[in-house]
Amino acid sequence: MKKNLLLILLALMVVGAVFWRFWPDQELSQVLPQISEEKVVVLKKDQPVPDGKEALKAMAAKIISRPVMVSAPLLEADRKRAEGKIKEISDLIREDYNVTYPWYDLGSYRRVIGDFEGAAEAWNFVPLIRPKDFVAYHNLGDLYGFYVKDYPKSEENYLKSIKNNPQNIQAYLDLATIYGVYKEKSDRTESILLQGLKANPDNPGLKAALEQARIK
């Protein structure tokens, strides 16, 4: 079962770019995601913003040269597949760093192998070349909230994703879940769902989540 799950996860990473491209129109779950009771992981502070194309190119080169350090419990075949995909994606970025989808995929594979810092680096690069991007911010919100347990950073990134795309339904749902465990802001669960409904009237996923939150 565990082997099959890992294979499914890796397969999903391969089609990640297609998923993200059409994601706002996908069928959305009415069940809020769950947060596991894992220990908090501390990541390095965000890198300073580079100035100019050459600086961006140098930063991209540094990110893709990051060693592949597998810390997740992957089978040998899955590990080799992930390492191969990371190399393939890195080669694409080396040819042209100014394309978003390889960065999405690089972050996804880094996350799968347990390299959360590498994932954060990849996704944080996207807004430097596409300030209005919402996907990378969403992925960062997910990473910080559900993997790293840095709830302030998770909130910050989900809100940026929502600002860039108010129709990003899943961001409202995920952030509502984060508020459920973010003690300092636990009273904001309903408000973020209401904000989502204001931007997306009568959305069934948001309505179901709001009903669930009010029952609790």
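## A loop residue to begin with

You will find Asp-202 in the loop between helix 10 and helix 11. With a relative accessible area of 60%, Asp-202 counts as exposed, because exposed means over 50%. The phi of Asp-202 is near 65 degrees, a positive value in a residue other than glycine.

Lys-149 also has a positive phi, of about 65 degrees, although it is not a glycine. Lys-149 sits in the loop between helix 7 and helix 8. Here the relative accessible area is 6%, and Lys-149 is buried.

## How confident is the model?

Please keep in mind that this is a predicted model. The protein chain has an average pLDDT of 83, and 76% of the residues score at least 70. Over residues 1-37, however, the pLDDT is below 50. That stretch has 59 contacts in the model beyond near neighbours in sequence.

Helix 11 covers residues 204-215.

Which residues of helix 11 are buried? They are Gly-205, Leu-206, Ala-208, Ala-209, Leu-210 and Ala-213. An α-helix has 3.6 residues a turn, so residues three or four places apart point the same way. The buried residues of helix 11 pack against helix 9 (169-181) and helix 10 (189-199).

## Aromatic rings

The structure holds 5 aromatic pairs. One of them joins Phe-116 and Tyr-147 edge-to-face, with 5.5 Å from centre to centre and 65 degrees between the planes. Phe-116 belongs to helix 6 (residues 116-129) and Tyr-147 to helix 7 (residues 135-148), so this pair ties together parts that are 31 residues apart in sequence. Phe-116 counts as buried at 16% relative accessibility, while Tyr-147 is partly exposed with a relative accessible area of 28%.

Tyr-151 and Tyr-182 form a tilted pair, 6.2 Å centre to centre with 35 degrees between the planes. This pair links distant parts of the chain: Tyr-151 is in helix 8 (residues 151-164), and Tyr-182 is in the loop between helix 9 and helix 10, 31 residues apart. Both Tyr-151 and Tyr-182 are buried. Elsewhere, Tyr-97, Trp-103 and Phe-125 make up one aromatic cluster. A charge meets a ring too: Lys-153 lies over the face of Tyr-144, at 5.5 Å from the ring centre.

## A buried arginine

Is Arg-110 buried or exposed? Arg-110 is buried, with a relative accessible area of 1%. Its place is in helix 5 (residues 100-112).

A polar atom of the Arg-110 side chain lies 2.9 Å from the backbone oxygen of Pro-67. Leaving aside neighbours within four places in sequence, the contacts of Arg-110 include Ile-63, Arg-66, Pro-67, Val-68 and Met-69. Ile-86, Asp-115, Gly-118 and Ala-119 are also in contact with Arg-110.

Conventions
Residues numbered from 1 in each chain as written. Predicted model: local features only at pLDDT ≥ 70, side-chain atom pairs only at ≥ 80, totals over all residues. Heavy atoms only, no water. Helix = DSSP H or I, 4+ residues; strand = E, 2+ residues; numbered from the N terminus. Expected span 1.5 Å × (residues − 1). Buried < 20%, exposed > 50% of the residue type's maximum accessible area, 1.4 Å probe, protein only. Contact = heavy atoms within 4.5 Å. Phe/Tyr/Trp six-rings, centres within 6.5 Å; stacked < 30°, edge-to-face > 60°. Lys NZ or Arg CZ within 6 Å of the ring centre and 35° of its normal. Polar contact = N/O pair within 3.5 Å; in protein donor to acceptor, adjacent residues only side chain to side chain. pLDDT = per-residue confidence, 0-100.
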